[in-house]
Structures are given as C-alpha cells and as structure tokens.
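These are my notebook entries on a structure that is new to the reader. I record what I looked up, entry by entry.

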Amino acid sequence: DSSRNGFSFKGIKDYLECYRSGKLTPSQVAKNIIAMLEDSDKSTPPLRAIVQWDQEQIMLMAEASTARYRNKCTLSYLDGIPVCLKEEFKVVPYHHRVGTVYLGTEPETEDATVAKKLREAGAIIIGVSNMHELGTGTTGCNPNKYHKIPRNPYKPNHFTGGSSSGSAAAVAAGLCPVAIGTDGGGSVRIPSSFCGVVGLKGTFGRISCHGSLPLSYSTVSVGPICTSVADAAIVYSILAEPDPLYPYGLKQPKATLSDMCAPDLKGLKLGVDWTFFKACDAEVLSVCEKAVKHLQSLGASVVEISLPEMEEVQVAHAICILSEMRDFLQPDFNKHFEEMNLDTRANLALASQFTALDYITANRQRTRSIGFLREIFSTVNCILTPAVPSTAPRIYESDLLTGSSDMSFTVQSMRFMQLGNFTGIPGLVVPVGYSTAGLPINLQVMAKWWDEAVLLRIGLKLEQFRSQTKKPSIYYDVLA
C-alpha cells in the first residue's frame with residue numbers, strides 16, 4: 001500500500017480501518033450512503049449509477065454487520081463493505097429488469113450466486129446498478145424510463161461505457177468501493193476504463209453466472225469493478241470457485257493469489273503485438289507505452305509477439321455473441337420489440353441475419369484462436385494492450401431522448417476486448433493516466449486461462465505508474 005499525497009479513492013482497507021477502530025460503524029456508513037443515493041438522484045444531471053435501492057434493506061444488512069464488529073465475529077474482509085450488482089443479476093428484493101422496461105415485473109425472491117456469496121461474506125448490498133439495455137452496447141446509453149443515462153463521474157457530459165455502466169460509475173463516484181459486472185464483449189473492462197477504475201474479467205467459468213440473464217452463454221464472464229487492484233483481488237478470492245448450479249466452471253483449478261505481492265516483476269515476460277497495440281488514439285498510445293516501460297523498469301521483459309487473425313477474431317466474436325443473444329431473446333424480440341430501445345432493436349435485427357453456417361465457422365475460428373494463444377502463452381506470461389482505443393465519448397442531447405447507435409464506435413471500443421471474451425482468457429484493466437481533457441486512460445493485461453494471479457501481480461505494479469489520481473467531478477466521500 002502506498003499512501004500518496006492528494007486525492008485517493010476510498011477502498012476496502014479504509015472502511016475496515018474505520019470499523020475496527022470504532023471511528024464509524026457500518027450502520028453510520030449506510031446512513032451516509034442513503035443520503036448520497038438520494039442526492040445523486042436529485043443532482044443535475046442525475047448520476048443514475050444505482051437504479052434500484054431500498055433504505056430498509058441497506059440498514060438491515062448494515063445493522064447486522066455493526067453487531068458482528070461489536071462482537072468481534074466478522075465474516076470476511078467484505079463485512080460491512082458497500083457493494084452494488086449490475087441489474088443483470090437477480091438480487092432480492094429488486095426487479096430483475098436487465099436494463100429493460102418489460103422484464104422483472106415482480107420483485108426477485110432468489111439471489112444470483114454472486115449476490116448470495118456477497119451476503120454470506122457480510123457485504124452491504126446498496127442496490128442494483130444501471131446497465132445498457134440487455135447488455136447490447138458499449139456506451140451505457142439507456143434512455144428508458146427506469147434507467148436513464150448514467151453519467152461519467154469524471155465528466156458528467158460523457159458516457160460511462162457499457163454495458164456494466166452503473167457499476168463503474170458507482171465505484172468512481174465513491175458510492176461503493178466494489179461493484180459486480182458481467183463482460184461478454186468488454187462490459188466490465190470498457191466502463192472501468194472510461195471511469196478510471198480497476199476492472200477484472202475472470203476466466204470464462206471462474207465466477208458463477210448463475211442467476212444472471214444468460215444472454216450469451218459462450219462469451220460472458222463475471223468480475224469485480226473496484227477502486228484498486230488489491231480490492232479486486234479480495235473480491236475475486238471470495239467469488240471465484242465452482243458452483244454446482246453453473247456447469248461451465250465446475251472443473252476449474254483452485255483460485256490462488258500466489259506471488260501477487262512479489263517485490264518486483266523479475267522473470268515475467270510481457271507479450272506485446274505492437275501493430276495491434278498501436279491501433280488507438282495518440283493520447284492513449286503515449287500513456288500506455290510509458291506504462292509498459294514502467295513494468296520493464298521493475299524487471300519484466302517485453303517480448304514482441306504476433307496475435308494472428310485479429311480481424312477474424314473480431315468478426316467471429318460478434319457473430320457468436322449476437323447469435324447467442326438473438327437466440328435467447330427470440331421471444332422478447334417478437335413480443336416486446338416496441339418496448340426495446342432503438343439500438344437494441346438494430347443490434348438484434350442485425351443478429352437475425354447470421355446463419356447457422358456463420359455460427360459454426362465462427363466457432364471453428366475460436367478453436368484456431370485458442371490454439372494460437374496456447375502457443376503464445378508457452379513463451380510469455382501475459383499480453384499487454386491499451387484497454388480502449390479512445391477515451392469516453394460525449395453525450396449529445398438527442399441521446400437522452402432516443403438513445404445512441406454508433407456501430408463504428410461499438411466495434412472500435414471492443415477492439416482490445418474481444419480476444420478475451422472469444423477465447424475465455426482473463427483480463428484486467430488498470431488506470432494509468434488521463435487525456436489532456438482529463439478523461440481516464442487504462443491499460444489491459446491478459447493472461448492464460450485460470451492465471452488471474454499473474455494479472456493481479458502485474459496490476460499492483462501498474463497502479464504505481466500513475467503519479468497522481470485526479471478526483472472525479474462527481475465524488476461522494478462516504479467515510480467523511
């Protein structure tokens with residue numbers, strides 16, 4: 001832990017210090033959060049990070065945690081820690097709307113596995129967070145009546161990124177140090193990058209998806225969005241394990257955090273495909289190149305690699321995720337077409353043009369790409385890329401009314417993300433700097449299947465590269 005002068009986000013450690021010293025109780029923190037949730041709904045423009053919350057529920061969990069601290073019998077490092085979950089997860093007693101106006105007409109009576117695990121760890125679930133409708137976009141723009149457009153805490157007239165838009169905004173705005181998102185095409189890593197926080201996409205199957213809407217069964221992974229890499233490691237270690245209700249992760253090796261706190265990066269080989277790496281805006285490139293040099297200065301060696309067939313990967317990933325979503329949402333498309341946002345309709349209409357042959361060919365590409373990666377990971381420990389090729393885009397007046405549909409932006413924003421979703425490898429994005437306009441820039445580290453530990457080890461060192469953390473223009477200090 002390096003305590004620096006100037007602004008720093010409040011993380012799990014700060015909460016625990018308050019609770020253990022008796023400076024604040026989880027109940028007092030919960031009262032602060034409730035006041036801030038009310039304020040964030042009334043601000044101009046409203047933040048719209050958390051779209052459903054319940055004062056009584058928050059206080060119940062907080063009071064139970066306060067009693068455990070009093071009796072010195074806490075459940076985990078997450079006891080009393082405020083968290084939110086993307087609306088894609090079932091969380092009692094909220095509506096499982098998944099960003100729509102037509103789903104989740106009744107309150108949930110059963111928790112998703114991750115919600116259940118967070119409760120068992122003693123966390124205070126402060127509500128469910130905003131998301132791009134049905135996870136079909138990367139801006140987070142959702143103009144419908146229940147959601148509205150979440151604002152980027154760094155620049156409220158810019159998008160948060162999607163689809164786990166509210167989760168990243170809630171963490172960056174200080175409402176909670178931990179949020180849970182899902183990632184089928186960058187949906188954890190894109191908003192984390194646009195909002196300047198840490199996002200981890202676990203290996204496919206590592207964290208249970210049971211109880212989330214199964215939009216795309218072969219590309220989606222679950223992961224935490226946090227203010228620091230250490231916090232992401234804590235949440236990961238609590239959530240990552242086989243779940244009998246989620247068959248894809250049953251055969252996983254045990255999650256470890258081995259060597260995470262090694263003093264340097266000696267012996268690690270970082271793979272970079274420079275042609276691919278440089279396919280981004282000049283400002284993003286300049287910051288990310290310097291961050292790579294920083295990792296080299298800590299003893300890691302940079303190895304030039306070639307990531308083959310990346311154009312094919314991007315097309316094939318799009319075919320897989322859209323075909324699977326279109327298949328799952330067929331009844332919705334027929335029955336609720338009129339209630340969907342315009343960009344959702346466009347995406348699903350596009351998806352209906354793919355054939356069975358396209359889907360099979362795309363999956364053959366997946367087998368090829370997994371083979372290429374096996375070879376690459378026999379020579380390097382990880383692959384480095386910028387997180388997103390650009391910074392967060394602006395929100396225009398028309399977006400508030402009709403939404404936003406910009407296919408070229410969607411494709412571009414997923415450029416460095418799709419390989420991880422397509423092949424199932426884990427990825428971590430860490431803030432490394434800002435554009436001249438003050439918008440956050442993140443770097444991405446990807447590793448071989450089940451090797452999240454090396455991501456966290458490199459991530460801890462990467463965090464030290466940024467000389468200062470800029471304070472978001474919307475920020476709530478819950479512990480003040």
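**Entry 1: salt bridges**

I looked up Lys 116 and found that it forms a salt bridge with Glu 120, the closest N and O atoms being 3.6 Å apart. The term requires a side-chain nitrogen of Lys or Arg within 4 Å of a carboxyl oxygen of Asp or Glu. I note that this is a predicted model, in which local features need pLDDT of at least 70 and side-chain atom pairs count only at pLDDT 80 or more, while totals for chains, interfaces and linings use all residues. Residues are numbered from 1 along each chain as its sequence is written, and side-chain values use heavy atoms, with hydrogens and water left out.

Both Lys 116 and Glu 120 lie in helix α4 (residues 113–120), 4 residues apart, about one turn of the helix. Helices (H or I, at least four residues) and strands (E, at least two) are DSSP runs, numbered from the N terminus. An α-helix has 3.6 residues a turn, so residues three or four places apart point the same way.

Next I turned to Lys 117, whose side chain meets that of Glu 241 in a salt bridge (2.4 Å, N to O). Lys 117 lies in helix α4 and Glu 241 in the loop between α7 (229–239) and β7 (269–272), so the pair ties together parts that are 124 residues apart in sequence. Lys 117 is buried, with a relative accessible area of 15%, whereas Glu 241 counts as partly exposed at 40%.

I also recorded the salt bridge of Arg 368 with Glu 309, where the closest N and O atoms are 2.4 Å apart. This pair links distant parts of the chain, with Arg 368 in helix α13 and Glu 309 in the loop between β8 (301–304) and α10, 59 residues apart. The count comes to 13 salt bridges.

**Entry 2: nonpolar cores**

I looked up the largest nonpolar core and found 122 residues in it. Such a core is a set of buried Ala, Val, Leu, Ile, Met, Phe, Trp, Tyr and Cys residues joined through side-chain atoms within 4.5 Å. Among the residues with the most contacts inside this core are Leu 85, Ile 126 and Leu 307. Its largest share, 7 residues, comes from helix α9 (residues 282–297). Apart from this core lies another, of 15 residues, including Leu 103 and Met 131.

What does Leu 307 contact, leaving aside its neighbours within four places in sequence? Leu 307 is in contact (heavy atoms within 4.5 Å) with Asp 273, Phe 276, Leu 373, Ile 376, Ile 383 and Leu 419.

**Entry 3: aromatic rings**

I found 13 aromatic pairs. Rings of Phe, Tyr and Trp (its six-membered ring) pair if their centres lie within 6.5 Å; planes under 30 degrees apart count as stacked, over 60 as edge-to-face and the rest as tilted. The rings of Phe 7 and Phe 9 have their centres 5.1 Å apart and their planes at 75°, so this pair is edge-to-face. Ring pairs link Phe 7, Phe 9 and Tyr 475 into a cluster.

Note on methods:
Buried < 20%, exposed > 50% of the residue type's maximum accessible area, 1.4 Å probe, protein only.
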